[in-house]
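Hello,

Here is the structure I promised to pass on to you. Please open it and keep it in view while you read my notes.

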Amino acid sequence: MKMVKAKPELCTGCGACMIACSKALYKVEDPAKSAIRVKEKPGTGVKYEIAVCNHCGECIPICSVEAVYRAKNGAVRIDHGKCVGCYMCVGFCPHNAIFVHRDINETIKCIACGSCVKACPTGAIYMEEIN
Amino acid sequence: MTTGKILAKYEYQPAKIEKGYANQTLYINLSDRTIKAKPVTEQMKQIFTGGRGFGLWYLWNAVSGDTKWNDPENEIIIAGGPICGITQYPGSGKAAVVTLSPLTGCPIDNNVGGYFAPLLKFSGWDALEIQGKADKDVIIFIDGNKGLVTIEEADEGHDDTHLIAEELTEKYADSEEDKRNISVVSSGRGAENTLIGILNVSFYDVKRKAVRVKQAGRGGSGTVFRDKKIKAIIVKYKGVTGDSNNPADKEKIINAAIRLHREIFELDKLQNRMREVGTAHLVGIMNDYDLLPVMNFQYGSHPDAVKITSEVFREKYFTQNVPDNCWHGCSLSCAKAVDNYEVKTGPYKGQKVCVDAAEYETIAAVASNCGIFDPEYVIEANFYCDTYGLDTISFGNIVGFAMECYERGIINKEITGGLELKFGNAEAALELLHQMGRGEGFGEIAGQGVKRLREYIIEKTGADPAFLRDISMEVKGLEVSMYVSKESLAQQGGYAFANKGPQHDEAWLIFMDMVNKQIPTFEDKAEALHYFPVFRTWFSLQGLCKLPWNDIIPADNAITNEPHKIPAHVQNYVDIFTGVTGKNITREELLLQSERVFNFQRIFNLKMGRGTREYDRPPFRLMGPATKEEYESRAERYDKQLKELGYDIEGKTTEEKMTMLRQYRESQFEKLVDAVYKRRGWDKNGVPTLETVKKLGIDFPDVVELISRYRE
């Protein structure tokens, strides 16, 4: 599968990826509804950190209603019909890469669609083939 | 089960949940088959909050001081509470079950998992209030999507929970997918034939594809259920989401919930390992600290206890890496299970079953307290107690008490019907369990509970009533849960004063007192015996589980002002209550909600002719060594204590030293009673004062009239 990888040193913090993502997922331009998050990193050196799901699948056995699954293309996805919005997967994500919003019942998670990558003007995020 | 004719039918428009409340209660009278909606008033919410509070209030209005548990006017109330049903915060799916107990004659409350209370609320009901008695077996079915309640005939079919719950889940679900939308409350044949019956509340485990059950275990609520001829109550509701409780401010809930999930993710593996072994982790700890009941609470540890610790269950029996929660969002996930267990004895011998086994209390009660150290016996006994509908804690106490009487020659095979009830005899314990299920032989007598068994033994054998009282582990008629309190004065009070009887959910202070030494003075102990019982009552008003409060502890808890209260988690509760109801409360107001209900329950005991100081007296074994063997097993400790107190023990016999120690400990206990009653705002007889009930706003005319009868 192809998944989103990051080179934070190239990130300018413009937020285009978050806008593109929320648009792809929820048809709104709202960084708070994005499955990729760019955060300022205090201190010297790299200025931003980028959190996005790497589809490791650690969250799959955490879910008690089998709403988290690995899709045929290899991406870890949430079945919105089954998800009861318990957010256990959010707390148990080793990479802090699953998000929530009070107006959305289900968790907000990367589906590996690549919209954010297309929107990134600097190449700070890119798609990489993984097994 | 062939459910037959519909005996009564009620159609309704399911209420929309508003800020945690449906604002209606479903009332069913089985005698005349009335089914109706009752409003949940603002006053009820204000004074009683929900859950246990509602249960006690309905029961108070339903019964008189003369009502017996098996009178038709006794009720069973099942209610969640305003927070019940949120999917985000761990432990938010609990039901409070309230009824008059066959063991104590007073209200009993249980806090039970499973999906029933959340699905009941989302079906439009804050509480289910059942009164009356059916003339033959019935089931009650609530369809929360259609808005339909029916009472149906159920005169054929299975007798025990594991089959009843499975069959009814199959029957009422439209598909495999739909099973998660069903919860069944049921009991078993043992509940009919003893006074220690439980209610099993089911949920469908989608990972295991199995119906599982959690227990409202204490005080015989299953016995009342079967006496009313209820075979099962089924609720069905499809459509649970993170917003079903329609909270006022979801953000507050989410923030607290994710914080706690994160803490559990990072710290549970370093703390209690609830996700791996559930409460079973306590077996080893209690044994190490000499607190594990062994052989009817005579001792606190045993070399063979290593055979029944969580390590053994984890390695060989508990299925790992499955989210064992009993409601959505509980990442603490302590509801461990043994899958594909092949039953070895009794009517289900050879069947492969999924057993909800085993919690600490069960392991200690059925195993170490009976001198048995065999993990497979624990699973077998756990399975049969659940499916027959018997309380594992009471069962273990009964067997332990009977075994001690047998070993001391107080009873013999003539009394036991040929059972060799020696400590360690697992086969005899299981046979007694099957007899309780069938209501036969010595099992039928023993199934009446330790108090009634003691009375029976005294009558049949002429045994010394004072000695038997010392070693029969019950207070108020309820068997003691599984902590040896001999060396912890605060825990003695925690057990003895508990409103419902000696269950640790009201006050578990043994570590705080004995191990961590955080409450050394009488005033400290009295403060703890005020604060913690009141605080812990709060969970059962809300539909919450206690475990996520202190079975996981924030990393920085030790540096807070009051680490034993877990301040960060108390703040979480303030946040989620406010988030759900929109009512901004402080920590003090949180406690006030509980204090009202706590005192009301105490007064309810008075209404039932009990509830005064004399009913708060424990058997001596809760306070110290009741026999020579016990004294000698801890002689060094007791001798040292007597010397420090200035007793001259030089050349004294064990019996003489026992008398000294008893005199001292009983006097300490009386001092504790005085201090605690004072702190709670009760008089010296344990009756809440007029000032207290006024301050709490529970000064209803009948309450005032009742307590004035006890005025000194």
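Predicted model: local features only at pLDDT ≥ 70, side-chain atom pairs only at ≥ 80, totals over all residues.

Residues are numbered from 1 along each chain as its sequence is written, chains are lettered from A and ligands numbered from 1 in the order in which they are written, and side-chain values use heavy atoms, with hydrogens and water left out.

Let's start where the two chains meet. Chain A brings 24 residues to the contact and chain B brings 26 residues; contact means heavy atoms within 4.5 Å. Together they bury about 2,200 Å², 55% of it on carbon and sulfur atoms. Buried area here is the accessible area (1.4 Å probe) that two parts lose on being put together, summed over both. Val84(A), Phe92(A) and Arg102(A) supply 27% of the area that chain A buries against chain B, more than any other three residues.

Which elements give two or more residues to the side of chain A that touches chain B? They are α2 (88–92), β6 (99–101) and β7 (104–108) of chain A. The largest share, four residues, comes from α2(A). Helices (H or I, at least four residues) and strands (E, at least two) are DSSP runs, numbered from the N terminus.

Strands β11 (residues 199–205) and β12 of chain B run antiparallel and are joined by seven bridges; two strands pair if DSSP finds at least two bridges between them.

Is β12(B) mostly covered or mostly open? Strand β12(B) (residues 210–216) is mostly covered, with five of its seven residues buried. Buried means under 20% relative accessible area, exposed over 50%, and partly exposed in between (1.4 Å probe, protein chains only).

Last, find Glu49(A), which lies in strand β3 (residues 48–51) of chain A. Glu49(A) is partly exposed because its relative accessible area is 36%.

Enjoy exploring!
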